[in-house]
Amino acid sequence: MTKFKLKAIATTALVASFAMPGVVFAQMEDEIVVTATKREKTLQQTPVAVTVTTEDTIVKTQILDISDLQSVATSLRVNTLQTSANTNFIIRGFGNGANNAGIEPSVGVFIDGVYRSRSAAQIGDLPKLNRIEVLRGPQSTLFGKNASAGVISIVTAKPSFESNGYVELGTGNLDLRLAKAYLSGPLSDNVAASIGGSINKRDGFSDSALGLTKVNQRDRFNVRGQLLIQPNDNLDIRFIADYNKIDEVCCTVTNFQNGPTAGAIQALGGQLADPSDPFAYNTFYNKDPRNTVKDGGVSMHLDYEADNFAVTSITSYRSNKSGATYDADFTTLELLSDVSLDNNIDTFTQELRVTSTGDNTVDWMFGGYYFNEDVKVADTIVAGSAFRSYVDILAGGPSSLALIEAANGFAPGSFFANGTGLFDNFTQDDESFTAYGTLDLHVTDRLTLTGGLNYTDDSKNVTGNALVTEPFSGVDLAGAGGFNSLVLASVAGNFPNIAAACGLGFLPFSPANVGAVLGTAACPALGGIPGAVAFGGLQANVAAGVGALDLSDPAQNPLLGLQALQFLPPFLGFPNSVESGKTSDSKLTWTARAAFDATDNVSVYGSAATGFKASSWNLSRDSRPFVSDTAAINGAGLALSNQSFGTRFAGPEKATVFELGMKARFERGAVNIAVFDQTIKGFQSNTFLGTGFVLSNAGKQSTQGIEIDATYVPIDPLKLTFAMTLLDPVYDSFVNAPGAGGTIVDRSGQKPAGIPSVSIATSATYTHTFDSGITAFVRGDYQYESGVQVVEILAPRRTVSLVNASAGVEWENGLDVRVWARNLTNDKFYTSAFPGVVQAGTINAYPNAPRTYGVSVRKSF
């Protein structure tokens, strides 16, 4: 879809919207209250692009966590990758943060005002949701450094001074077992409490070829308690404590394409997924991919209301421990025996804000935010028992590795030996300070001008170290290591005789002795020794080392083909004398907006805003010194054997959005329209290339789009909703983008992968109350995403066409029964894809979940 077409559609939509005041429907439902601007306002009064999912919708559609939310919020996309905790949130095509604990998300997630800094701390079930607000576009002015793409704000119910609660049990296919309970009530005249929790278990939907545990199971537990103290009418003190635990076998990986390496795997007796049937939901792992998350925290919320202002303080501490161990080659062959990742994250936050109250010409808000986080990461990748045999086949036989071992002083069988690998550790201390303020000038009863500023200062101190016990990646095949190997191949085991002919005695072959022989004068006695003629040619043309032999030329150096297997190069620890391991970023972001109430039911707004996300560090084995530091590292004597370069971190993201919007509310309907032009400079791209991730900054990515969100009640029992997002994304500049096979490409002018041009979410809910007092409902919703390439460097595409349905009956005594189905038509698509791990040409992909269904019984009181 071209930008010209988008602009034409946008103009038509806005013109049509101003004609709508003449439309008369009947009676609309109660207005929804939101806190998108950190003030309680109705959805229609809030001049921000926001989608709200209410408690009623959450219950009826069986939304159990944030990952289910995308079925009702068109601009939000949620991807779960290789672990349960590895979930990525994308708004308007912008978002990152998965796969690496050092990469903070571009979409900020807040639960009751408390920031959840990583996806592992965001996905737990919540027992009593009030609403979920999805704020689209940069929200840095009010929400800080990691809201450059948007915000997901989750609001749970406060304890009540009237006793209430519920107990719910559910079951379904895949042996679903769901239990939820919530209780709230007074402890005294000014103290109330609530406690809730849930257990969510089911079998996986993918069978194991080796009879292991079914993959993509659910095993989650959570408990959440609140205490509300109201000493007087002006002060609320709320304490919240929660604990969540996940222990699951996840996630299913299929094969979109098998590369030439598949034959080597099968020759060794291994099995792998069949690309002709990628949605067979069969896995070929030799161990269960187990994921664990233990997440908990406490927070204190103080709300004090004076005569003309209100004070809010939110103090929180959270601890998140997540671990994963999985079969990263996704075959039954033990190529890799242990791939594991452990993250420990402790976070402390403090927010303090003061807000004007009352009926003022100028409303104001100012506040400050402090963030302190400690991150510890341990990563392991270990070669398995079959890896050496696998590499021998790829290398054309066992002689190639044996030759390189002998030529470079390694014992036979050293390369890719069972149990060798890489073991790394990283730490990151992150501290940031934020000050912000907004002013709302009510020029007239209908016109309000808003300005806001946010200043954030962020500092990170990072350390990284690794032990590499697998030596092959340390051999410089394009340098001395390759040269030694070629020499040994040329002399065919006669090096001692060649050394003697050069007057040095019968020396054994070694890299040092090769240099000594090459350094001698011409050896007249070489004639007749096998291999000596070739060696003499090297001696004549190579003075000391490489010389005239071009080891970077595959025609002269056939060993270069093995470089693709050098995926565990020696790791240069940092900080060191060249690399400080520190970043310090600061940024002033702003918001400017004009909002006008055209009528009592129709409001329009225009806004411009900027956003900011601090530098993100690559806390993984793929962290490399910057290419720009090459000379300094070599000069300081820090370079390791076969030293490689890349990136340590990606610099800050800077977002800008210009937006026009209209919100209208009528007797039987409401419609919200937003037209926007959003850009992010320095978008932090994290691309997997088959043996590791490349973290880099895109020069500039922009998206023009239109969002339409409408509700219509044609008759009292029937409610219809329709939401559509049209996006036209492009890389305005991405010159040094990572490409397939580790190449560097220019993606400037190309469309970013994974962003559909058209997204639609629509629903119909029919509710009827019988004379007996029984209320029944039937609901269906549909989610559509137009076809799109799944990831940048690979071919798989997806088109989404999901149908969900539910129905229920509620009695006056609080008993209700609901049946539900998600993905009713069993639509099949890929959620993401990646190059096969150490399997050149293979493309792996994550299939979506098949149809699930069940029944829940709830008793409310």
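Trainee: Over residues 542-548, how many contacts beyond four places in sequence does the model have?

Mentor: This is a predicted model, where local features need pLDDT of at least 70, side-chain atom pairs count only at pLDDT 80 or more, and totals for chains, interfaces and linings use all residues. Residues are numbered from 1 along each chain as its sequence is written, and side-chain values use heavy atoms, with hydrogens and water left out. Over residues 542-548 pLDDT (the predictor's confidence in each residue, from 0 to 100) stays under 50. Counting heavy atoms within 4.5 Å as a contact, the number for that stretch beyond four places in sequence is eight.

Trainee: And what is the mean pLDDT of the protein chain?

Mentor: Of the chain's residues, 90% reach 70 or more. The mean is 87.

Trainee: Why is the disulfide of Cys-250 and Cys-251 right-handed?

Mentor: The pair qualifies as a disulfide (cysteine sulfur atoms within 2.5 Å), with the sulfurs 1.9 Å apart. Both cysteines are buried, meaning under 20% relative accessible area with a 1.4 Å probe, protein chains only. The bond is right-handed because its S-S torsion is about 85°.

Trainee: Which strand gives the most to the lining of the second largest pocket?

Mentor: β31 (693-697) and β34 (737-738) each supply at least two lining residues; strands here are DSSP E runs of at least two residues, numbered from the N terminus. With five residues, the top contributor is β31.

Methods:
Buried < 20%, exposed > 50% of the residue type's maximum accessible area, 1.4 Å probe, protein only. Helix = DSSP H or I, 4+ residues; strand = E, 2+ residues; numbered from the N terminus.
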